[in-house]
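I opened the model today and kept notes as I went. The entries are in the order in which I looked things up.

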Amino acid sequence: MSEQNIIPTARQEFDRELGRLEAELILMSGLVEKAIYDALNALKNRDIDRSQKVIDEDDHIDQTELEIERYCVELIRRQSPMAGDLRRIVASLQIAGELERIGDYAEGIAKISINMGSQPPLKELIDIPRMGDMAVSMLKRSLEAFISRDADSVRTISVELESEDDEVDDLYAKVQGDLMELVKADPDNAERATYLMWVAHNVERVADRAMNIVERALYQATGELVSGSTQIDASAE
Amino acid sequence: MALHDTDLLSQEGSVENILKFDDIEPVLESKDLSVSYGGQIAVSGVSLQVPKNSVVSLIGPSGCGKSTLLRCFNRMNDLIPSASVQGTVNFAGQNIYAPDIDPTEIRFRIGMVFQRPNPFPKSIYENVAFGPRINGMTDDLDEVVETSLRRAAVWDEVKDRLNDSGLSVSGGQQQRICIARALAVNPEIVLMDEPASALDPISTQAIEQLIQELSSEVTIVIVTHNMQQATRISNYAAVMMAGEERVGRMIEYGTNEQVFGNPKDERTEAYVTGRIG
C-alpha cells in the first residue's frame with residue numbers, strides 16, 4: 001500500500017473549522033430550547049427550583065455566545081474568508097447573538113416565575129405554553145434553514161415560519177385581550193396579569209428572534225439582506 | 001463543483017454575470033477581445049467596460065491571461081512578435097488597434113507600471129522627466145517632476161536626492177518613482193501589473209494607499225493575485241479563468257461586493273474561497 005499524505009490542506013482544515021462552528025451553534029440552540037421549555041414548565045408547575053436552574057444556566061448560554069464570537073473573529077483573522085465562507089461566519093456571529101437573547105427571554109420568564117412566589121397564575125396556562133411550543137418549533141426550523149445552506153430550502157422554511165409567526169402574534173393578542181378583560185373585571189388582578197403579560201411578551205419575542213435567524217440563513221445562502229419587510233441586495237452598487 | 005472538471009473551467013462565463021454600465025460612457029472598453037501567441041489562443045472573447053476614475057482589478061489563477069489582457073489595453077502586446085490581437089479596444093471614442101493609431105501616443109495616455117520596479121539607470125529626476133521630455137513637454141520640467149513625485153507619494157523621501165540614481169533607493173520607493181514616471185505625462189488610465197507583489201508589507205500598504213488616492217484623478221486597471229488587496233483598493237473585479245487548454249476567458253465581472261461577497265459564477269466562488277487556484 002502506498003504511503004498517503006494525511007496532512008489536510010489549508011482549505012480542508014478551514015472546512016473542518018466551519019463545521020465545528022456549525023456544531024457549536026447547534027449545541028447552543030439546544031441549550032436555548034431547553035431553557036425556554038424549562039422556564040415555561042416551571043411557571044406552569046410553580047417549580048421555583050427549576051426556575052432558579054434556568055436563571056443559573058443562562059450564564060452558560062452567555063459564555064457559549066462569547067466563545068462562538070471569539071471563534072468567528074479568529075476565523076476571520078486567520079482565514080480572510082470570502083464569499084460564502086464570509087457570509088457563513090457573519091451569519092453565525094449574528095445567530096449566536098439571537099440565541100443569546102432567546103436565552104435571556106427564558107431567564108426573564110424564570111425570574112417572573114420566582115417573583116410570582118406562591119401565587120397561582122391568573123388564568124390557566126393554555127395559550128402561553130402553546131405559543132411556547134410554536135416558538136421553539138420555529139427556532140428549530142430556523143436553525144435547520146441555516147444548516148441547509150440551500151436557497152430554495154431556506155425560502156420555503158421562511159414562508160412557513162412567517163405564517164407561524166403570524167399565528168404566534170394572534171395568540172399573543174388573544175392573551176393580552178384575555179388578561180385585560182380579567183383586569184377590567186377586577187383591578188386587583190393587575191399584578192398577576194402583568195406577570196403573564198411579560199411572559200407572553202417574552203415568548204412572542206422568541207418567535208421574532210427565530211424569524212431573524214431565518215433571515216440570517218437567507219443571507220448566508222443568497223447574500224440578500226432582509227429585515228422584516230425591508231430588503232437590500234448586498235452586492236448591488 | 002467538481003474541482004477537477006476542466007470542461008467547466010473552460011466554459012465561457014454567462015453574459016448575465018458581466019457587468020454593463022448602461023448609463024455612463026466607459027473610459028475604456030474591450031469588445032470580443034482575443035489574443036493569440038504564435039497561433040495559440042491565450043485570451044478569448046473578453047468584453048469589458050471600465051468606468052472613468054474607477055479601480056478595476058483583474059483576478060484569477062496563474063496563467064489565465066490576466067497580464068496578457070492588461071497589455072492589450074495599451075498595445076504592449078505589439079512588442080511581442082508572435083502576438084496577434086482580434087476584437088477592439090475603445091479609448092476616447094477610438095479603437096486603439098485601428099491602423100492609423102500611434103501606439104506610442106496610446107502608451108502616454110494609458111500608462112503602465114510593472115511587477116518589478118524598473119527605473120531607468122538615470123537620476124530620479126531624469127526618470128520622471130523622461131516622458132515629458134520625449135513628448136516635447138519641456139516647459140516647467142521641475143514643476144512637472146515635483147508634482148508627479150508628490151502624486152506618487154514619494155516626493156518627501158527623495159526631494160533632497162533627485163540627482164541620485166533611480167536605482168539607489170528602496171524597492172518601494174523605486175516603484176513609486178515608476179508610478180511618478182507614468183503620471184508625469186498626465187495619463188488618463190494607468191495599468192498596473194501586480195505593482196506590489198515584489199514589495200514588503202509597508203511598501204505594499206503605501207502603494208495601495210497611493211492607488212486609492214490616484215483613482216480620483218486617473219482610472220486604474222490592476223492585475224493582482226492578492227484578493228484581500230483587490231477588495232481593499234478596487235471598485236470592480238473581473239475574474240479570468242482558463243481550463244486545460246489554457247485559454248483565458250472572463251467568467252464574471254462586477255462590483256467587489258458581488259464578486260467577493262456573493263459571486264454569481266460557481267467558479268468565482270471556488271476561486272475566491274481558495275478551492276481552486
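**Entry 1, ground rules.** I am working from a predicted model, in which local features need pLDDT of at least 70, side-chain atom pairs count only at pLDDT 80 or more, and totals for chains, interfaces and linings use all residues. Residues are numbered from 1 along each chain as its sequence is written, chains are lettered from A and ligands numbered from 1 in the order in which they are written, and side-chain values use heavy atoms, with hydrogens and water left out.

**Entry 2, chain A overall.** I looked up the elements of chain A and found six helices and two strands. Helices (H or I, at least four residues) and strands (E, at least two) are DSSP runs, numbered from the N terminus. The order along the sequence of chain A is α-α-α-α-α-α-β-β. Along the principal axes, the box filled by the C-alpha atoms of chain A is roughly 80 × 40 × 35 Å. I then checked burial: of the 237 residues in chain A, 47% are buried (under 20% relative accessible area; exposed is over 50%, partly exposed in between; 1.4 Å probe, protein chains only). For contacts (heavy atoms within 4.5 Å) in chain A between residues at least 6 apart in sequence, 84% join residues at least 24 apart.

I noted 27 positive and 49 negative side chains in chain A, with the centres of the two sets 2 Å apart. Lys and Arg count as positive and Asp and Glu as negative, while His and the chain ends are not counted. Each charge is placed at NZ of Lys, CZ of Arg, CG of Asp or CD of Glu.

Ser80(A) is not a glycine, yet its phi is positive, near 45 degrees. I placed Ser80(A) in the loop between helix 2 (48-79) and helix 3 (83-116) of chain A. Ser80(A) is partly exposed, at a relative accessible area of 31%. Ala83(A), also a residue other than glycine, has a positive phi near 50 degrees. Ala83(A) belongs to helix 3 of chain A. Is Ala83(A) buried or exposed? Ala83(A) counts as buried because its relative accessibility is 0%.

**Entry 5, strand 8 of chain B.** Strand 8 (residues 219-223) of chain B is mostly covered, with five of its five residues buried. Thr219(B), Val221(B) and Val223(B) point one way from the strand, Ile220(B) and Ile222(B) point the other way, and all are buried. In a regular strand, side chains alternate between the two faces of the sheet.

Which strands pair with strand 8 of chain B? Strand 3 (residues 55-59) of chain B does, in the parallel sense over four bridges, and strand 7 (residues 189-193) of chain B does, in the parallel sense over five bridges. Pairing here requires at least two DSSP bridges between the strands.

I found Lys52(B) in the loop between strand 2 (40-50) and strand 3 of chain B. Lys52(B) is exposed, with a relative accessible area of 61%. Leaving out residues up to four places away in sequence, Lys52(B) touches Val27(B) and Thr219(B); Thr219(B) is among the buried residues of strand 8 noted above.
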